[in-house]
Amino acid sequence: MTDASPTPPSAPSLPATPLWHTLPHAPAPGTCLGHVDEVPDGQVLLRQVFAAADSAQQHPFKLLLLRSGPTVTAFANRCAHFGVPLAVAQEHLKFQPHTSLSCNVHYARYRWSDGVCEWGDCEGESLIAIPLRVDALGTICIAAPALAA
Ligand code: FES
C-alpha cells in the first residue's frame with residue numbers, strides 16, 4: 001500500500017543575502033570608520049568609504065553605523081527589496097532608536113539588532129551586515145569576513 005497523502009507545500013525560499021565583501025567597491029577589512037564617540041547612542045550614521053583601489057575616490061561604498069549602548073553595528077546602505085539605498089543622505093534616514101530603521105522607497109522596516117526585515121515587501125530578508133571590531137581606544141574598523149564553516 002502506498003501513501004497517497006499529498007506532500008505539504010514548502011515555504012517559498014528567500015533569496016540569499018549577499019556578503020558585504022562581494023559588493024561592488026567594498027573596502028578591505030581593516031578599513032576604519034571612525035570612533036565610537038562619533039556615533040551617538042540610539043543614532044544611525046550614514047558613512048561612505050572608498051576601496052584602496054579607488055584612489056580617485058569615485059565609487060563610495062555607503063554603509064550605516066548604528067549604536068545601541070556600547071554596541072556598534074554596521075549594514076550596507078542597501079535595501080533588500082530593490083538593492084537601492086535606504087536613504088541617500090543623513091537627513092533622510094528614518095529610524096526608531098534602538099528598535100528599527102526603514103527604507104525611504106517603500107518603507108520596509110528592518111530590526112535594529114540584526115537587520116532582518118520585519119515589515120514590508122522584503123519581509124524575512126536582511127540588510128547586509130558588515131562585521132566590525134572596536135579597539136580599546138574606541139576606533140571602529142571593518143573586521144575580516146567570517147570564514148565559512
Ligand atoms: S526599495 Fe526599499 S522597500 Fe522597496
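Predicted model: local features only at pLDDT ≥ 70, side-chain atom pairs only at ≥ 80, totals over all residues.
**Entry 1: Cys79**

I started at Cys79, which lies in the loop between strand 4 and strand 5. Residue numbers start from 1 along each chain as its sequence is written.

Is Cys79 buried or exposed? I found it buried, with 24 other C-beta atoms within 10 Å. The cut-offs are 20 or more other C-beta atoms within 10 Å for buried, 12 or fewer for exposed, and partly exposed in between, with C-beta atoms placed from the backbone.

Next I looked up what Cys79 touches: Val84, Leu86, Cys103, Val105 and Ala108, leaving out residues up to four places away in sequence. A contact here is a pair of C-beta atoms, placed from the backbone, within 7 Å.

Val88 is partly exposed, with 13 other C-beta atoms within 10 Å.

**Entry 2: the whole chain**

I stepped back for the tally: 0 helices and 11 strands in the protein chain. Of its 149 residues, 24% are buried. Taking contacts between residues at least 6 apart in sequence, I get 49% that join residues at least 24 apart.

Why call strand 4 largely enclosed by the rest of the structure? Because 5 of its 6 residues are buried.

I then went through its pairings, where a pair needs at least two bridges found by DSSP. Strand 3 and strand 4 run antiparallel and are joined by 6 bridges. Arg67 has Val72 in strand 4 as its bridge partner. The two strands make a hairpin with 2 residues between them, and Gly69 in the turn has a positive phi of about 60°.

Strand 4 is also joined to strand 9 (residues 129-130), antiparallel, by 2 bridges. There Ala74 stands opposite Ile130.

**Entry 3: strand 11**

Which strands did I find bridged to strand 11? Strand 1 (residues 32-35) runs antiparallel to strand 11, with 3 bridges. Strand 10 (residues 132-134) is antiparallel to strand 11 as well, with 3 bridges. Ile140 turns up in both pairings: it is the bridge partner of Gly34, and Val134 stands opposite it.

The hairpin of strand 10 and strand 11 has 4 residues between the strands, and Gly138 there takes a positive phi near 90°.

I looked at the faces of strand 11 (residues 139-142) too. Ile140 and Ile142 are on the covered face, Thr139 and Cys141 on the uncovered one. In a regular strand, side chains alternate between the two faces of the sheet.

**Entry 4: the sheet 5-6-7-8**

I traced an open sheet of 4 strands in the order 5-6-7-8, paired antiparallel. Strand 5 (94-96) and strand 8 (117-119) are at the edges with a single partner strand each, so one side of each has no neighbour in the sheet. Neighbouring strands in this sheet are turned by 30° against each other on average, direction ignored; the axes are lines fitted to C-alpha atoms, for helices over the stretch in contact, and angles between N-to-C directions run from 0 to 180 degrees.

Inside the sheet, strand 6 (residues 100-102) and strand 7 (residues 109-111) run antiparallel and are joined by 3 bridges. Ser100 has Arg111 in strand 7 as its bridge partner.

Most residues other than glycine have a negative phi. I noted Tyr107, not a glycine, with a positive phi of about 70°. Tyr107 is in the loop between strand 6 and strand 7 and counts as exposed, with 12 C-beta neighbours inside 10 Å.

Gln57 is not a glycine either, and has a positive phi of about 50°. I placed Gln57 in the loop between strand 2 (44-49) and strand 3 (61-68). Gln57 is exposed, with 10 other C-beta atoms within 10 Å.

Note on methods. Contact = placed C-beta atoms within 7 Å.
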